[in-house]
Amino acid sequence: MDPKRLPDGLAPWAVRTENSRGRLHAEPGGGARSPFQRDRDRIIHATAFRRLQYKTQVFVYHEGDHFRTRLTHSLEVAQIARSIARELALEEDLAEALALAHDLGHPPFGHGGEDALDAMMKPYGGFDHNAQSLKAVTRLETRYAGFDGLNLTWETLEGLAKHNGPLRRPSPYIVEYDRLHPLELNTHSSAEAQVAALADDIAYNNHDLDDGIRARLFTLEEAATLPLVREAHAEALRANPAMPPDRAVSEVVRRVINAMVNDTVAETRRRIAALAPGSAADIRAHDRPVVAFSDGMMEANNELRAFLFQRMYRHWRVNRTTQKCKRALQLLFTLLHGEPRQLPPWWQEKAGEAGSPAAAQAVCDYLAGMTDRFALEEHRRLTDPSVPG
């Protein structure tokens, strides 16, 4: 047996089910399923998870059937997270649950939708999709008779709240929830949560690279000006000199993902060896993440991100759609905030008086939960007199 693994197969610093801090609302045990397996299953069955199928990653759903959505992105993050967690002898089910849940709070239309809601909610504390993910699983999901939300374990909620690390200035909802169920916001999260967060970076950079090439926003040869992509491209051509161009894209992306995963595992092992943690608590108390890229891979990842920002996220075709969708979401917010009686009954009750902070928050939650296509349909219903309400 690996001396760094305990008899249960996990590293000493992994989160353990027997040490879980449990759920806010006490529940009977899950039988054959561990607490983190139950968390994963609850997330998969959540309404918010199903909606990710029609939420934008970069391209709005009607622009093509084969581009990533928030759902396919989340599944790809989960696959990468499980691979890294297994290699590092961490609690795979917790890493997977966090990967599947990390984007539940994203509004329609990708980052454009997030910017639109943040602008409209500035007088009321702004909008943050990580906080909205926490809100989705602690309040907005209504699947259980005994409580709002999914009643996930403390460890899963901690990882969602601290997806980007310790929170020095947490958003209003995270502050509100932390008063009820303290999540130790000023520390780092577990190694499993750090794995899920880095798997998110690996997935979206590489899959946006793939989608950007297939959308003809740039070519593989242009992307290969980046050293990391160039090396993967050369390796793919050495292995398969006569492969068709469409297969070359997949071969390159696969190799870049593999390089990033291998680098993460090696750098994490180096940091773990230097820290010599004895428990998950030591990981949380450390002054920096233990799951990370090496300096060289961090530089390469930043170069890739800068390339995608310039050639994809700010491409005129993407910008045109983004701006149209932002305006549609902002108009929906204005119309519904000013006249919440246009909301469905349950949301009307939450909204209360027109123009109030409560109405703003209810409208924001309502809009954030929409899919791209439902938001566009709602926009037509409220602005086009010929469309039945």
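A salt bridge is counted here where a side-chain nitrogen of Lys or Arg lies within 4 Å of a carboxyl oxygen of Asp or Glu, and by this rule the count comes to 31 salt bridges. The structure is a predicted model, in which local features need pLDDT of at least 70 and side-chain atom pairs count only at pLDDT 80 or more, while totals for chains, interfaces and linings use all residues. Residues are numbered from 1 along each chain as its sequence is written, and side-chain values use heavy atoms, with hydrogens and water left out.

**Salt bridges**

- Glu339 pairs with Arg341 in a salt bridge whose closest N and O atoms are 3.0 Å apart.
- Glu339 counts as partly exposed because its relative accessibility is 27%, whereas Arg341 is exposed because its relative accessible area is 65%.
- Arg16 forms a salt bridge with Glu18, and the closest N and O atoms of this pair are 4.0 Å apart.
- Arg16 counts as buried because its relative accessibility is 8%, while Glu18, at 57%, counts as exposed.
- A salt bridge also joins Glu235 and Arg255, with the closest N and O atoms 3.2 Å apart.
- This pair links distant parts of the chain, since Glu235 belongs to helix H11 (residues 227-239) and Arg255 to helix H12 (residues 245-275), 20 residues apart; helices here are DSSP runs of H or I with at least four residues, numbered from the N terminus.
- Glu235 is partly exposed because its relative accessibility is 37%, and Arg255 is buried because its relative accessible area is 14%.
- A network of salt bridges links Arg33, Arg40, Asp41, Arg82, Arg86, Glu92, Asp93 and Glu96.

**Nonpolar cores**

- A nonpolar core is a set of buried Ala, Val, Leu, Ile, Met, Phe, Trp, Tyr and Cys residues joined through side-chain atoms within 4.5 Å.
- The largest nonpolar core has 90 residues, of which Ile43, Leu104, Leu209 and Phe218 touch the most other members.
- Contact means heavy atoms within 4.5 Å, and Leu209, leaving aside its neighbours within four places in sequence, is in contact with Phe218, Ala223, Val229, Val253, Leu304 and Leu308.
- A second, separate core of 24 residues includes Ala116, Phe333, Leu336 and Leu343.

- Glu114 is found in helix H5, which spans residues 110-120.
- Not counting residues up to four places away in sequence, Glu114 touches His106, Pro107, Phe127, Asp128 and His129.

- Ala215 lies in the loop between H9 and helix H10 (220-223), and Ala215 counts as buried because its relative accessibility is 8%.
- The C-alpha atoms of Ala215 and Phe67 are separated by 8.5 Å, although these residues are 148 residues apart along the chain.

Key. Buried means under 20% relative accessible area, exposed over 50%, partly exposed in between (1.4 Å probe, protein chains only). Helices (H or I, at least four residues) and strands (E, at least two) are DSSP runs, numbered from the N terminus.
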